Amino acid sequence: MYLWLLSAGLTLVFGVLGVLNFAQGSLFMLGAYATFTLYGKLGLNFWLSIILSLICVGVIGAVLERFFLRRIYDIDLPYQLILTFGFILVFDDLVKMVWGGVAMIPPMPRFFEGNIPVFGRPFPIYNLFISFAGLAVALVLWLILEKTWWGRMIRASASDREMASAIGINIPMLFTTVFVFAAMLTALGGALGTPVRVVAPGIGTAMIIQAFVITVIGGLGNLKGAFVGALIVGILTSYGILLFPIFELFIIFVVMAVVLMVKPEGLFGK
Amino acid sequence: MTKLKLLLLAALIVFLICLPSFTGKYLLYMTIQILILSVFALGFNLLLGYTGLLSFGQAGFFAVGAYACAKILLVIPSLLIGTVAGAAMGGIAALILGYLCVRHSRIYFSMLTLSFGMMIYSLAWKWREVTGGDDGLVGIPRAPFGIPGVFSIDMSSMGRYYYFVLIISLIAIFILYRIINSPFGLTLKGIRDSENRVAFAGISIRNYRLLSFTIAGLYAGLAGSLLPPLENTVTPPLAHWTHSAEPVMVTLLGGIHTFSGPIVGSVIFYLLKDIIVRVTQYWLIWFGAIVVFLVLVFRGGIVVFFSDRIMPLLKRP
């Protein structure tokens, strides 16, 4: 489900802004680190620290979009990829500088400890909570995009930037807000993941590659596809580890390659 | 090529040949790394700069070359066989995977190469019996050059090995230069600039792309096979996608669409690294910032910057 949140951010940015953002994984990492610091180190309330870290990452996202990404919408793909890759390098080392290179395990909030029986089997409360949170985000995203005025503007500019601009949508402003929104979604994934995952400098690059697999399987720029893709990858990873531990990672990329070869627009592409 | 350029080139080669006589081991080690990265990036630039395809899986072929060479050196101590096998394996892997990749272009091509590169990475990482898993292969000898039983030249000193890498790289660079200036190279450029026109001229775009991809894989494999005798180990991160980004960066740094771009980029990459590492251990921050700056400010790369801006200034009296 953290993967879903990260992929949702990646998909939004690609679908609307047209940029494949390598640095989305770094935003995920920053969200995780921010929550870790606020909650694990400073001992703030769990919810408060999540909200604060979302705001921090949102601000960073705004700066990234306003000063860097905005200048590269019209240039060639390799440059876009390399620019965002440059951000990865910067953020990875920045994190090492501030927090050190050691992996850290933050404490679990007390009210999430323990298990509840689901279908007769014990199930960790936190996993259950994450699953519902993911579903809730999916629902909220769908409502925003389909039912609100803002969502309509986003969809309009995603399908035809010039036309949208001609009917009076402030495209630069909209793009900034979309990027910030996507950055916060991604950071939420990182933040929610902190109690059960380790927080380490490399998680950005590790996560983004899985998110790429997900978005490709679901179709680049397609949110519904990203959701299903996240489920597929999640199931594949967990069963893959059980059944053939050697080729678990391999299989994920096989799936990605097969989808690309057979139906490059993804399972849900038009 | 003008006379001046030829002269400069000759001076550079003489300089490289004389290098071991007045520098220490460290600088030789660095120069070997630069040469390896140059060969790697030159092959990559045949794809990006001349064919217009951005591959994010080149590290996979690099690793195939490195692992193949390492495996062979562990059994047969012959540098020549190891290198040839490494390059050939890289090329073969690229031929097979390329057949599947070249039907797409633009972003789907990049994603597909990324997934194949990561497949190779996951194999290198998890397939313990063959690749040694995350420990990698260790204890690879810097074997003598030659064919067992026929002749052999000792390569164990850094200076000797430097000459070996230098000669191989120069030959590789020269061949690639000829390829790019051949009708084949021109066709590739044509495909990059206008796919449809070339197709209308009756040329199979797919075959040309595949050939270009194979050559790039061959060069990646060659570059990879030069590494294990230097480092004495190979490890899975060689195949990781972050390693694939290296040739992309140095090519863009030096200048895409120019032949010497990747070489200049490689030199600058290692020089920058060396300088920054002296000051701070967090050199990637600065390198990342430089990359961002380059993309935003001068996108043509350093070679173009020099030939378009600086050279006219020099020529003006």
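Which residues of α13(B) are buried? They are L284(B), F287(B), G288(B), V291(B), V292(B), L294(B) and V295(B), where a residue is buried if 20 or more other C-beta atoms, placed from the backbone, lie within 10 Å of its own.

The model is predicted, and for that reason local features need pLDDT of at least 70 and side-chain atom pairs count only at pLDDT 80 or more, while totals for chains, interfaces and linings use all residues. Residues are numbered from 1 along each chain as its sequence is written, and chains are lettered from A and ligands numbered from 1 in the order in which they are written.

Seen down the axis of α13(B), the buried residues fall within an arc of 160°, so they line one face of the helix; the arc is that of the directions from the helix axis to the C-beta atoms. The cover over these buried residues includes α4 (77-99) of chain A, together with α11 and α12 (261-279) of chain B. The 14 residues of α13(B) should span 20 Å at 1.5 Å a residue, which agrees with end C-alpha atoms that are 20 Å apart, the expected span being 1.5 Å times one less than the number of residues.

Chain A has 11 helices and two strands, which are DSSP runs numbered from the N terminus (helices are H or I with at least four residues, strands E with at least two). Along the sequence, the pattern of chain A is α-α-α-α-β-β-α-α-α-α-α-α-α. Of the 270 residues in chain A, 48% count as buried, and the C-alpha atoms of this chain fill a box of roughly 55 × 45 × 35 Å along the principal axes.

Between the two chains, 35 residues of chain B are in contact with 35 residues of chain A, contact being defined by C-beta atoms, placed from the backbone, that lie within 7 Å. Helix α5(B) provides the largest share of the side of chain B that touches chain A, namely 13 residues. The classes on that side are as follows.

| Class | Members of the class | Count on the side of chain B |
|---|---|---|
| Nonpolar | Ala, Val, Leu, Ile, Met, Phe, Trp, Tyr, Cys and Pro | 27 residues |
| Polar | the others, Gly among them | five residues |

Not counting residues up to four places away in sequence, F40(B) touches F62(B), Y219(B), A220(B), A223(B) and P247(B).

Key
A residue is buried if 20 or more other C-beta atoms lie within 10 Å of its own, exposed if 12 or fewer, and partly exposed in between; C-beta atoms are placed from the backbone.
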